[in-house]
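Please open the model in a viewer and keep the sequence at hand.

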Amino acid sequence: MIKTYVLEIESHSELSSSLCTFCSQNDITAEQEILVQAFTCLTQKTAVADIISVIQTVLPNAKIVGTSTGSWIAGQRYNAQHTILQFCIFQHSQIKTLLIPQCQENLSELASLIAQRLVNDDTRLMLLFSSPTIQQAGLLLDELCLLNPDIVLAGGYSSQGSTSEPPLQFTEHGITEQGIALASISSSQLYLLNKYAFGWNGIGKQLTLTSVQYNRVFTIDHQPAQDIYAKYLGAEVAASLSTAMADFPLYQIQNGVTLSRNPRIFHADGSITFDGKLLKNSKVQFAFSDLPNIAKESRYLLSQLPLAQTEAAFIYSCAGRLDYLKESVQSELEIFKDHPNIAGFFSYGEFFHHNKNAHILGHTLTCLLMSESAPLVVQEPIEKWKPQTNLQQSGLYHLFRTTSNELDQLNNSLQDEINRQTKTIYDQLYFKKLTGLPNRNHLLRDLTYNQNFFPRHLAILDILSFSAINDFYGIDTGDHVLNKVAARIQNQVPVTNPPSYRVYHLTGGQYALAATNHVQETTFINTINNVLDDFKHTDIEVRQDRFSIQFCTGISIRPEKWQENAIPLLTRADKALIQARKDHSSIVFYHKDLPILQEMESNQIMTKKVKRAIRNDQLWVQYQPIYHANNNTISHFECLIRLFDEENKVVPPNEFIHVAQKANLYPEITKKVLTEAVKMIKTTAHSFAVNLSAHDFTNPDTLNYIDNILADRLIAQRLIFEIVETESMGDYELVRAFQKRIALAGAFLAVDDFGSGYSNYSHLAHLGADHLKIDGSLIKECHLDPLILDIVESIVTFSKKIGVKTVAEYVCNAELAQICRRLKIDYLQGYYLSPPVSEPDLLRLLSSQALRL
């Protein structure tokens, strides 16, 4: 059985005599296992040392553990002056004490030292009184629980009253102001029961601790912690928190224990250090003190305590609770009025043990009950100790709580909607809606070092002629095909844990398969071959239709040196795929000697040359005369673009025109030629022909530029637009609309290179062209091949029937010129007659002709 006594020391000068008398009256002196808990409002080390000395003199067997406090508790009483001593005499327990003068950095070693000094197989309880300056106290509690999870830990941070002196911790071994005083109680028949009352409630939205280092919070909801206080409490309150920290704690539940965390240190970087552990990504709310609820919860807790069966009890309450409850504390402690030997103190944070874990609480009333005789069982709660209720205050608190709960519900509803919308946006950004597979954005994110899936191998699989399925069967059928292809690819991919493969749907009929470092290169290639073989042997069926699916595949392997970013893996696989398409191959592996790479490099160099030429006005127009076949006089000129490179060398059109079209630079070239043509029309009395491409018909700026030129009818009547036959036939309706457009202004249309492709006489008959230029490949061979000569003759005959003038290109000698005249071709063009000339040479050529005439 444990016997407990309490002695209040009002006059420290009479401590020795008071203690002797007290011990004599209660027969304490001869006892062997005595624990003296000393809670003092003194902060002078000398005064505390005198207390320890007197106790040791009177009770040499006593073990002492104590702390400074702003107020101590004894039964129903509490006081902010003097000292209270609680004597616990154990019959079947052993007591050990230890003083840690200063907390060392290696908490694991410190915990091991404490366990070595204080713990044995029968240890049931450990009391700790810690300096509030030890921010690592919570970590130390964690380490102690790891070593001995079944030992109950209790106590708290030392506190201080109005004095500025640091609070003290002490045992019979000495005194410290920056350390920990500890006591352990070991017994094979010690029964414990601990409970706590809180009563604070959370208010407002739940916030997420997004950056935390134990008890230092850097960001809340990704914003600096101090900014969150200013946002929700107001700048004025936030600025005064350093002097009113206990008024605005954070509220959190950890492992079933309700915690209050007071801000203690406000750092220059916007972070806040709190008085206990907080978990990253956990939810918190601001806590507010609800006086009626505090009283209710305290009554509920205390009415469950089996005080009649309790032999010793300790109370560790919170100084912040005292500051708020004030006189209501007396009512809260009233249940202890028949138990005056229960003692404790108001702390800056209460240590509480629950479910093999230790917690630093706050704003609680914590009770620890002990017995050596029988287990302590929680009683049914009873309504007995009701503080007098202030109806107005209670009503206001109820209104406050109800409003807060409604706001919480609304906020939770809004948060759910935000989460839903965020997921929708996320899915749209990173997944293909049709197949549900990760998309190109997802692949790019993985390639920028996704710790959960970082690709080492990548293959891009492109369905050959997939657009034809959409064109012939419709988009709905095409979508069914894409879904079935996606499923078939996934079925061929090995399933591992964690995942080593990932299938992506990039766009249209293009998929990607990536694998991590855990997959060997040969295994990955075998997987790709399995996928391709599966589609070779089995068609895709959609309703009654069957589709043979074949792929072009580009594969790239990531070098080991790419440790953080593998975006080039996608670029290389893309290039390998382009080469596969060009070669009509099922698989092409990326390597540095791919022909397509040289072509791309050449195109990049030429693109730079074209851009430089446009920027520096290094585009040059030459003019090739087109002659009347019957009298050998100049009819009109064709404008031909030339480009000077950085070395002032002429770059032929066939080397840069196609690059300019791909690089979207062709409109600038067209404008340059049109400008020069208009200039020459104004300078001479002749007409000028300008070449256009399909790019020009689909470019609004170019069409608008042409319309502005055609607005001057005198210019328009001497302007001829040449369009290549293959383009005019491919975009027939577009060209027909353009012909009508320019015809209204008085301009002319010529079909260039007729006979080079699949010549369509029907389209030509209805196109409305004024001139037809017979392709040079036919003209230059017609004197050698009778069949070609017949073809040319048929073109000329047809043209005359529909009223279209003909032009022979590539007339390079007298024989060809004579043949063209015999065939009654209207105009001749070629180097035999004149090469392209510059503007000055053109003017001289016209002057010479005028003199001859």
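Is Tyr810 buried or exposed? At 51% relative accessibility, Tyr810 counts as exposed; the term exposed stands for over 50% relative accessible area, buried for under 20%, and partly exposed for the range in between, with a 1.4 Å probe and protein chains only. The model is predicted, and local features are reported only at pLDDT of at least 70, side-chain atom pairs only at pLDDT 80 or more, while totals for chains, interfaces and linings use all residues. Residues are numbered from 1 along each chain as its sequence is written, and side-chain values use heavy atoms, with hydrogens and water left out.

**Backbone stops**

Remain at Tyr810, in the loop between β41 (805–808) and α27. Helices (H or I, at least four residues) and strands (E, at least two) are DSSP runs numbered from the N terminus. The phi of Tyr810 is near 60 degrees, a positive value in a residue other than glycine. Most residues other than glycine have a negative phi, and most peptide bonds are trans.

Next, select Asp27, in the loop between α1 (15–25) and β2 (34–40). Asp27 is not a glycine, yet its phi is positive, at about 55 degrees. Asp27 counts as exposed because its relative accessibility is 59%.

Then select Asn497 and Pro498, which are joined by a cis peptide bond with omega about 0 degrees. Pro498 belongs to the loop between α13 (475–492) and β28 (501–507).

Select residues 666–683, which form helix α18. This helix of 18 residues reaches 26 Å from its first C-alpha to its last, close to the 26 Å expected at 1.5 Å a residue; the expected span is 1.5 Å times one less than the number of residues. Its buried residues include Tyr666, Leu674 and Met680.

A salt bridge is a side-chain nitrogen of Lys or Arg within 4 Å of a carboxyl oxygen of Asp or Glu. Glu676 is buried at 15% relative accessible area, whereas Lys679 is partly exposed at 37%.

The structure holds 25 salt bridges. Select Glu332 and Arg321, whose closest N and O atoms are 2.7 Å apart. Glu332 lies in helix α9 (residues 328–332) and Arg321 in helix α8 (residues 319–325), so the pair ties together parts eleven residues apart in sequence. Both Glu332 and Arg321 are buried.

Move on to Asp826 and Lys800, another salt bridge (3.7 Å, N to O). This pair links distant parts of the chain, 26 residues apart: Asp826 is in the loop between α27 (814–822) and β42 (827–828), and Lys800 is in helix α26. Asp826 counts as buried at 18% relative accessibility, and Lys800 as partly exposed at 41%.

**A final stop on the surface**

Finally, select Ile418 in helix α10 (residues 391–430). Ile418 is partly exposed, with 47% relative accessibility.
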